[in-house]
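Please keep the sequence and the structure in view while reading.

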Amino acid sequence: MRLGVHVSIAGGLLEAVARAKRLRCTTMQIFSRSPRGGRVLPLDPRIVQRFDQERRAAGIDPLAVHGPYILNLASPDTGLWTRFATLYAEEYRRATQLRAQYLVTHVGSHRGEGESAGIRRVAEAVSLALATRSDVIILLENTAGSGQGLGYQFEQLAQIRELVKGQERVGVCLDTAHLFAAGYAIHTADGLEQTLTAFDQVVGADQLKLIHLNDSKVPFQARVDRHWHIGEGQIGFEAFRRIVTHPRVRSLPLILETPKDTEAEDQRNLATVRRLAQSPDPENACHATN
Ligand SMILES: [Zn+2]
Ligand SMILES: [Zn+2]
């Protein structure tokens, strides 16, 4: 199992890798810049090289970069969309410089223009970014489905991917809190299987590259995005035991984006996942003793 967290870059990239090492991460996610906007400094090649060396020496692989929240690649406003698409292409180049494997991407909100128009805009922005020669795979992240946001149904992610020029460099990141809030019943045994089967049919099994492992503070189908500590939210411990021991999920890198004021909270959530991943489910344990 490759397990890590979204690590803060406060203090710089080298501080980020030091945090990931302290947490015994075997994968990690970062922002390449402040996620809420502001001035973007160019990456220092010497720092990037040390970051890369230290990360690999610590066995932290893959690296995912999460795109900034401020971008709306589905924006119907042409001026805004052009700005966002330009920033996004720059983010793709930064992820390349950082030698990341993945750039996790929010597909954005159509702002009333309709889903199909929004989907075309996102696909165009992703295609523009992919004009840069790079090995970085763009991962479209599913959403909780609040407001006019796109990406809460597998069909939408598949449609975006279909329209992209360079789609061999596009995959999907599934966030468990978003799945649950959007109405995918991953909290039940049957629901988990049905969700994965639906994904395979609609998007394709090979396209699933990364899991964001988060519990949800809001109930099933709430269509609101509120991450919570693993097992302590509405998805719950038993469901997470099934999720993290599922052969499909186990084989993918898992990144926690659970709330934290201190590193201790990351430590606690990581410990929970490690414990659940090792404990057989109660039914199988019962058979084993008979
Ligand atoms: Zn995200
Ligand atoms: Zn996420």
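The sections below describe a helix, the strands beside it and the nonpolar core. The model is a predicted one.

## Helix α4

Helix α4 covers residues 115–129, and Ser116 is found in it.

Ser116 and Gln156 are 40 residues apart in sequence, while their C-alpha atoms are 8.8 Å apart in space.

## The buried residues of α4 and their cover

The buried residues of α4 are Gly118, Ile119, Arg121, Val122, Ala123, Ala125, Val126 and Ala129. An α-helix has 3.6 residues a turn, so residues three or four places apart point the same way.

Several elements cover these buried residues of α4. Among them are the helices α3 (78–97) and α5 (154–163), together with the strands β5 (137–141) and β6 (170–175).

## Strand β5 and its partners

Strand β5 is largely enclosed by the rest of the structure, because four of its five residues are buried. Strand β4, which comprises residues 102–106, runs parallel to β5 and is joined to it by five bridges. In this pairing, Thr105 stands opposite Leu140 of β5.

Strand β5 also runs parallel to β6, and four bridges join the two. Here Ile138 stands opposite Val170, a residue of β6.

## Two β-α-β units

One is made by β4, α4 and β5 and is right-handed. Another, made by β5, α5 and β6, is right-handed as well.

In soluble globular proteins, nonpolar side chains tend to be buried together. In this model, the largest nonpolar core has 82 residues, and those with the most contacts inside it are Leu103, Val122 and Leu139. The largest share of this core comes from α3, which supplies seven residues.

Which residues does Leu103 touch, not counting those up to four places away in sequence? They are Val65, Gly67, Glu91, Tyr92, Ala95, Val136, Ile138 and Leu139. Val122, also among the core residues with the most contacts, is one of the buried residues of α4.

Key
Residues numbered from 1 in each chain as written. Chains lettered and ligands numbered in written order. Predicted model: local features only at pLDDT ≥ 70, side-chain atom pairs only at ≥ 80, totals over all residues. Buried ≥ 20, exposed ≤ 12 C-beta atoms within 10 Å, placed from the backbone. Contact = placed C-beta atoms within 7 Å. Pairing = 2+ DSSP bridges. Right-handed = clockwise from strand over helix to strand, strands pointing away. Core = buried A, V, L, I, M, F, W, Y, C linked by C-beta atoms within 7 Å.
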